[in-house]
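Here are my notes for you, written as numbered points. Keep the model open beside them and look up each residue as you go.

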Amino acid sequence: MKTTTQWNIVCTVDDLVPESGIAVWTDDGPVAIFYLPHRLPALFAISHTDPFSGANVLARGITGDLNGQPVVASPLYKQHFNLVTGQCLEDESVSVNSYRVLLDGNAVRLELTRARSLAKAA
Amino acid sequence: MSNKTLIVIGNGMVGHHFLEQFADSPAAAGFNVLVFGEEKQLAYDRVHLSEYFTGSTHTDLAMGTADWYRAKGIDLHLHEPVTAIDRERRAVTTPKGSYRYDELVLATGSYPFVPPIDGRDNPNCFVYRTLEDLDRIRACAGGARTGVVVGGGLLGLEAANALKSLGLDAHVVEFAPRLMPVQLDDDGGALLRRKIEVLGVQVHTEKATTAIVNVKGSRLRMEFSDESFLETDLIVFSAGIRPQDTLARSCGLDIGERGGIIIDNHCTTSDPHIHAIGECALWNQQVFGLVAPGYTMARTLSAALNDDRDAAFTGADMSTKLKLLGVDVGSIGDAHARTPGARNIRFNDEKAGHYRRMVISEDGRKLLGAILVGDNSHYDTLLQYCLNGIDLPENPESLILPESQGGTPALGPDALPDTAQICSCHNVSKGDVCCAIDAGATDLGAVKAGTKASTGCGGCAALLKNLVDSELEKRGVEVSKDICEHFPYSRQDLFNIVRVNGIRTFRTLIRQHGKGHGCDICKPTVASILATCWNEHILATDHVPLQDTNDTFMANMQKNGTYSIVPRIPGGEITPDKLIVLGEVAKEYDLYTKITGGQRVDLFGATLSELPEIWEKLIAAGFETGHAYGKSLRTVKSCVGSTWCRYGVQDSVGMAIHLENRYKGLRAPHKVKMAVSGCTRECAEAQSKDIGVIATENGWNLYVCGNGGMRPRHADLFATDLSDDELIRTIDRVLMFYVRTADRLQRTSVWMENMKGGLDYLKQVVLDDSLGICAELEQHMADIVGTYQCEWRSAVEDPEKRKRFREFVNAPGQKDPVQQWTTERSQRRPAGETEVA
Ligand code: SRM
Ligand SMILES: Cc1cc2nc3c(=O)[nH]c(=O)nc-3n(C[C@H](O)[C@H](O)[C@H](O)COP(=O)(O)OP(=O)(O)OC[C@H]3O[C@@H](n4cnc5c(N)ncnc54)[C@H](O)[C@@H]3O)c2cc1C
Ligand code: SF4
Ligand code: FES
């Protein structure tokens, strides 16, 4: 099957919180977007759903770096997730979806796969 | 294959320890091992038996698991007592059958001695040795008001404490003229008695019980030889223990005159195939009623069965350090100065309630023994002098004098010889610890795992930590006090850096003094330090990304991502109007409502976007944030006090409200709780709080560094009969000193336990101003009190801050699909997985 992607505008720069995360609603489910202005690139996006609790909370975790990797700590049970890959640092078998995200002028665009969003809609 | 059989009779602490040693030794391969235990349960930690009354279960106390026995191939027969030993046939009999042995180990422990008093078999008379005993006592205590313990020794006092914890008025009846006659002298016993009576246990010494008779239903009357009497609902006998040697006697083994199975240095009895260890054994005319000597016997026997004839039991040190009803008691070596020529040095501070006695040799060079009551901080040092024969300093009294009067600080681990015993439970010496470190252990945890030190009674924990730190430092291993990979500093270091350099943001701090971008350890720690130092709003742009989850949204996150809300209710006092508002708001937002353990109301189930709306309503009704989310002051619990209560001697509610309003904005290394009681009945449970205040006729008594929670700690009495002003000033200083010097997430209890010099030192700093910093501490507190703002009020009034409270920034009104609800007992709660439609 062929999948095409689309870059949806999900919010604007003013919605972002420096050094922290916010959540957006997408066809692919809730996504957490982090804005770390002292890094390049400065934007990261992973699923907002904490796989250990099922709750939609990852955007509310504390960001930082461990051994050079940019991470967020889940606010519920404190596991760390790599912001680029979505990999959980404490448990190799667990990871969350990660997304490409970019700044287009004032708009924040998130890459969502069309196939997936179509499947959801169907 | 195994051909021989080893049988162990008794599955108690020592029997189990023996199996742990033996199962992993080479000889184990040659034996089938069978164990018979009379009790229903697998061996458990009898030393901590009383914790069974304070929430521990058998599983918590168990020393091993059935799986472990299975894995080691040990055939475990619980609830199957051995009733006879046939030495000819080498077999033991139980109600279920007969079993042959090649080697037999008796680990039958001891039984409580019950003096031959008429009526001692009354159903409301108990002993204190097994879990079943405690079940029986608990069942009887249900309908009871008063309980008496017969016997004022170590175990008797522990039993009295247990009765108290069951809510009974506790009495102790002792035959001798003082408490703990074995370990203490008259002065020590008298001080202990005074302290215990203050805690509400009544002590009756020089009382010989002659009869126990029933009066009025199940109530008992104890009659004494001096014709006095005492009425009670239940009696616990704790008048000493006797070795359990019945089996050994009836099969003709040599028994001591006053009981006990006679053993040699290899723990073998008069029959070369029968061995005895633990409290049932008699070595050199002595039985040992402590667990450490029993463990040594267990190790000796395991070595002997492995043909190691060098291992020998050569007696044991019977020194003891305990906390009885929260009172420190220590007794070391020849405490009663029985050695010819022994001399005494005594220090007795009746005001502080400290008694210390040193027994020294005729030439004044060696320490022979010691007695401590009220403060055990000198115990470790004295014990090391005594056990290792270290030469005493020129003026030995300096060892027990307070530092302010010329006392010397504790003996550092460097001064100890390699043979010095660090952990008596597991017989670990300083040399063993050094070996473990040389073999690659690089921190305390690894040393513990490798040597087992400090995994028994825990009494050696502080000494072990000091030793490990100092040995690691000597080897050039840096003992890392760094809080995380981003800062090479402890919390206290960071605090000083921030304060001295006037640093106001995390960015500046990490750029100048750290590396990387920070993490969930250092960010909240620094956030708390910044708040304590400068008291800016925690949601200010620079600070918001540093906050722990709950601080970020100023509410406590629940498991489904919703939040709870706890408005401040100072001192637990609330008007009907405000109660109605709480009810109305809860109803409007369908919030689950619960009274908390801290005398206030918790509203659960608010979504992120509802939080500011709800707070707007609460603030309009006069509520403020309760900081239930913060590492800061939680509640000041109060009792109703002199305003209403017939016993109250001061206005405890008024003081509680005053304290709560004074300290409500203070951010600390961990949460802080307080309570104020209106009289000694202590209905506010102040002695379990970080700061506890109890009213007296003349003012207030201040207690510090108590803790409930995971590891409860009784608060220490810090100062007495303070005026209102003195009380506030003292609390200001204690709190500020805590906030500046404690580790990250360290409650005041652990802070106190880790403080060099302990309570005495804290008193010197706070009461005598020994560091000359009290004025600064007070000024700092005044600054914080002066810059207080209700965080929620400032947040709801600021549109920028409010923006943070959106579930999905691009979809207002979008409900979080994960949050599913159901109804229980007429309120809404999160639905479980199977309940979700
Ligand atoms: C609501 C409440 C239980 C209740 O329904 O009564 C409660 C609820 C929580 N307690 Fe507690 N504790 C509550 C009273 C207590 C008490 C009793 C008291 O304060 O008198 C204790 C023991 C006393 C003490 O702290 O010394 C207590 C000892 C703990 C501990 C263990 C602390 C310790 O030092 O061992 C934790 C864990 C921690 O803080 O690390 C904890 C942590 C928590 C947390 C914050 C767990 C969490 O992270 O989610 C719970 C959050 C509740 C929420 O979302 O609102 N709670 N907790 C009580 C709130 C009181 C209040 O009005 O603020
Ligand atoms: C409340 C309390 C507090 C204590 N506090 C301390 C302390 O702080 N420090 C300290 O060092 N010590 C303390 N002790 C003492 C410590 O518990 C004992 O020294 C230790 O338990 C002795 O171990 P043991 O294996 O010899 O005996 P036990 O632990 O008593 O085990 C003996 C076992 O053998 C079983 N048994 C007996 N006869 C038979 C039979 N015929 N067949 C099968 N099984 C049999 C018994 O049922 C029992 O389970 C305390 C004891 C109590 C009760
Ligand atoms: S005891 Fe445990 S479950 Fe209960 S409120 Fe406290 S933290 Fe939560
Ligand atoms: S002395 Fe008991 S654990 Fe070390």
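1. Start where the two chains meet: 36 residues of chain B are in contact with 36 residues of chain A, contact meaning heavy atoms within 4.5 Å. This is a predicted model, so local features need pLDDT of at least 70 and side-chain atom pairs count only at pLDDT 80 or more, while totals for chains, interfaces and linings use all residues. To find your way around, residues are numbered from 1 along each chain as its sequence is written, chains are lettered from A and ligands numbered from 1 in the order in which they are written, and side-chain values use heavy atoms, with hydrogens and water left out.

2. Together, chain B and chain A bury about 2800 Å², and 54% of that is on carbon and sulfur atoms. (Buried area is the accessible area, with a 1.4 Å probe, that two parts lose on being put together, summed over both.) On the chain B side, B:His517, B:Asp520 and B:Val809 supply 19% of the area buried against chain A, more than any other three residues.

3. What holds a charge pair across this interface? The rule finds one salt bridge there, and A:Asp15 forms a salt bridge with B:Arg806, with the closest N and O atoms 3.0 Å apart. (The rule asks for a side-chain nitrogen of Lys or Arg within 4 Å of a carboxyl oxygen of Asp or Glu.) The side of chain B that touches chain A divides into 14 nonpolar, eleven polar and eleven charged residues. Here Ala, Val, Leu, Ile, Met, Phe, Trp, Tyr, Cys and Pro count as nonpolar, Asp, Glu, Lys and Arg as charged, and the others, Gly among them, as polar.

4. Now go to ligand 1, which 20 residues surround (a residue counts if one of its heavy atoms lies within 4 Å). That shell has two nonpolar, eleven polar and seven charged residues. Oxygen atoms of ligand 1 come 2.7 Å from a side-chain N or O atom of B:Lys594, 2.8 Å from one of B:Lys673, and 2.6 Å from a polar backbone atom of B:Gly597.

5. Ligand 2 has 29 residues around it, with B:Val14, B:Glu39, B:Arg129, B:Glu279 and B:Val291 the closest. An oxygen atom of ligand 2 lies 2.6 Å from a side-chain N or O atom of B:Glu39, and the value for B:Arg129 is also 2.6 Å. The shell divides into 14 nonpolar, nine polar and six charged residues.

Notes:
Polar contact = N/O pair within 3.5 Å; in protein donor to acceptor, adjacent residues only side chain to side chain.
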